[in-house]
Amino acid sequence: MIAVRGLQVSKSYGHFQVLRDLSFEIATGECYALFGPNGSGKTTLLRILATLHRPSTGRFEIMGHDGVTEREAVRSNLLLLAHGSYLYDELNAVENLRFAMAMRGASPTDRQIKLALDHAGIGAFADMKIRQFSAGMKKRLALAKAVLVRPQVLLLDEPYTSLDEAGMGMMNRFIRDIVKEGAAVLMTTHDRAKSAEVAHRAGVLSKDVLRPLTLDDLRTNDLF
Amino acid sequence: MTGFYLRWGGLLVVAAILAFLVARNYERNLANLTPEDLLADPPSRAVRVLGLVRGGTLTGDQASGRLRFDLSGTRETLTVQYDGPPMENLRELKTLVVVGRWDPSARTFRAHDIALVTNYGFVVGAYLVGLVPLALFLFTMERKVGLLHHEIKQSKLYEPEMMDA
Amino acid sequence: MIFFRVIQWVVWKDLISEVRSRETISSMFFFALIVILVFSFSFSMDQQAARELISGIIWVAFAFTGIIGLGKSFSAELQNDCLEFLQMSPAPKGAVYLGKVAANVVFMVTVEVILFPMFVIFFNLDVVEELPLLLLIFLLGTLGLSTVGTLFSAMTVQIRAREVMLPILLLPLAVPVMIAAVEATRGALNGNPMALYRHWLELLAVFDVVFTVVSFWAFEFIMDS
Amino acid sequence: MIHAAIKQVQRYKGWFGTAGGMCIIAGVYLGLVGSPPDYYQGEVVRIMYVHVPLAHTSLLGYSVLFASSLWYLWKRDPIVDNMCHAAASLSAFFTAGALLTGSIWAKPTWNTWWTWDARLVSFAVLFLILTGYLMLRTFIDDPEREARFAAVLAIVGFVDLPIIHFSVEWWRTLHQPLSISMRGVSISKDLLVPLIIMGIGFSVLFFYMLMVRTQMLYLANLLNAKKGRLLSHAHLSKAEP
């Protein structure tokens, strides 16, 4: 089944066109790694898919729901982990998770939260305010949120930045888990080695064109 | 763009004609003379004379509408015989405009109407403030549209783009 | 009901953040204190003049402190891009809006309740009998400011020059609130009979209802592309 | 669909301009030459023929802004947003004209340039709302967001207008009653003719100006989009090694 489908998606910010006529498909149970030089529109694409922006022209579907007209359905199927950690500084880790889940209409049990925190390796910091968290810890807490949500479509914007080796391992383990359960994962990254561990397909977005890559390309060749 | 300039040129001509008509109407019917002007060169047509009602000269019955008073300017004074609709608020030491004809034989001004003193500057100012910026605004807008049309034609927007890839 | 749970959680989140950081309320409070001081320097007031002017001064102080609080309400969401999180979460946007309005009203009324005794002391007011009525006026006026203010705060936080634009957009629209609140407060402080300024209270109530509905609807367009 | 309709209307816009211009010319002639002075106000009443239509047109402009803002939020068509922007600029312009001519009228009539009268204050607030609207538009980079926020502001402001008017009217009423009211024509027929002709002229001219300005904004956007496409090509080919 197709989890994410883009049909000629274009986006212009004012007079600057970022994406042009981009079409792509990602199946359920698949992890797609997207590469591209800075400013090629990778993050914009993720933000469009996460319903933060409307595409200027073209349309897209998430799990068969139209990305503009059926936003509510799209949103409850989808999670974006972006550069911003989406955490409130004055709340502690557990409260942040509870708040985020409440916004999705869910109320996780203490046990579920503890499991998620442990999965991301920050069980020890459950009662610490986010203000005192380092960037890597915030990233791990975002991972814990993803663990709790278990979305059908997971969008990851640079998932490996500011994570340590153990953190990257946890991230990849989680990606493998949910892909096995049938979720679709779309990540943008510059870390070829780490993404090669989990990605089934990869592509380069450059000059408005999405060029497919083989997994061998990831290991050896220059991408752009 | 030629049509555009022709249109606005035409509008300018119409505006000039309109200004001329208004100015002539003002000269004919609305401009005030002072008693000095009137005595220096007495016109035969009906005129409007602006002056101050001299104290102690107002005689006659206000309700009947037949009044006699002296109207003074800066130096000269003339006698006014008012014969018209009854005036309610005519009193001495008031500045007003009398409308009527100068009778040279009786050396009396025969007035048939008394008008309020108005400052036409306000009226003209309001029309200018209301209409001139409007015209200028529209002019720049239309000109911009013309220029944009020109520029778009120049930039060949409707031709297919050269895709390099 | 998800809708009411979202309202509760948004209010809880804002209140608990405020209780822990005390950023908004303290900055609002000290700003209001400075406003009072500046006013008392600017007009050397006797008892009579105070009676005439005080309700205006009270509401100018409330409105400006309110603008500080409203601005902070959404600029706080900019940390760690939380605003985007709210934008793309499946939670109903109207519920987020109502939660934010409720939190803002709580902050503003708290500051107003702390400030009002200072007005009473500094300007020798005699208010004991009218307290419940004054509280009602404060509540209605504050609600009026924060219904529109929360909407505009969510709007201006997403644009350039946001600190400037919030008051520029909010204050003209809040003219009815300011007039009605000032007149009602003056009536209450002077001990006038209720019939003389009842219509101002009704106007406040109408404004509150109309703009709760309109902003509730409009908030979706502010938060959602 | 919208584009086709707008194109169709744009084709005949010249007639609007001509008709509006001729009405205004006729109105100015009638107002300044062809009508008698008012019994109470004298010649100064002639200011009414330009002041009242300006004020009405500014409200007409805001109504158009409100309607097209709703339309924009419904359809999200950029050309409708151009129309909103055009209507707001024009409405602000007419409001400023109404305030200035009103002030000029107030001086000889009440011997003051400004009174805190209900209608004057409402118009001043209207002007502030519209300038706030135009300022807001300059502070947003993303045109989609600019259009959306502006539309919301316009709608909220429009709903507020009657409330502002009522509150200010209760607050202070010193003004003479409305010149043309629903309860009956309190103004003589001679004065009414130029007023109506001017009113029609200004309304028709407003629609003409709206079309011209919408076209102007649309063309400017088109040109910028073209430049932007060229720019992004240059940017991307630079990224290529």
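Guide: Let us start with Ala193(A), which lies in helix 7 (residues 192-198) of chain A; please keep in mind throughout that this is a predicted model.

Visitor: How should I read a sheet, and in what order do the six strands of the open sheet in chain A stand?

Guide: Strands of a sheet pair through backbone hydrogen bonds, either parallel or antiparallel. In chain A, six strands form an open sheet in the order 6-7-8-3-9-10, with mixed pairing. Strand 6 (78-81) and strand 10 (209-213) of chain A each have a single partner strand and stand at the edges, so one side of each has no neighbour in the sheet. On average, neighbouring strands of this sheet are turned by 20° against each other, direction ignored.

Visitor: Which strands of chain A pair with strand 8 of chain A, and over how many bridges?

Guide: Strand 7 (residues 153-157) of chain A runs parallel to strand 8 of chain A and is joined to it by five bridges, with Leu156(A) having Met187(A) as its bridge partner. Strand 3 (residues 31-35) of chain A also pairs with strand 8 of chain A in the parallel sense, over four bridges, and here Cys31(A) stands opposite Val185(A). Strand 7, helix 6 (residues 165-180) and strand 8 of chain A together make a right-handed β-α-β unit.

Visitor: Why is strand 8 of chain A described as largely enclosed?

Guide: Five of the five residues of this strand (residues 184-188) are buried, so the rest of the structure largely encloses strand 8 of chain A. Both of its faces are covered, with buried Ala184(A), Leu186(A) and Thr188(A) on one side and buried Val185(A) and Met187(A) on the other.

Visitor: Turning to the contact between chains, how many residues of chain B and chain D take part?

Guide: The size of an interface is often given as the accessible area lost when the parts come together. Counted here by residues, 34 of chain B are in contact with 35 of chain D. On the chain B side, helix 1 (2-30) and helix 3 (120-154) are the elements that give two or more residues, and helix 3 of chain B gives the most, with 21 residues. This side of chain B divides into 22 nonpolar, seven polar and five charged residues.

Technical notes. Residues numbered from 1 in each chain as written. Chains lettered and ligands numbered in written order. Predicted model: local features only at pLDDT ≥ 70, side-chain atom pairs only at ≥ 80, totals over all residues. Contact = placed C-beta atoms within 7 Å. Nonpolar A, V, L, I, M, F, W, Y, C, P; charged D, E, K, R; others polar. Buried ≥ 20, exposed ≤ 12 C-beta atoms within 10 Å, placed from the backbone. Pairing = 2+ DSSP bridges. Right-handed = clockwise from strand over helix to strand, strands pointing away. Axes fitted to C-alpha atoms, helices over the stretch in contact; angles between N-to-C directions.
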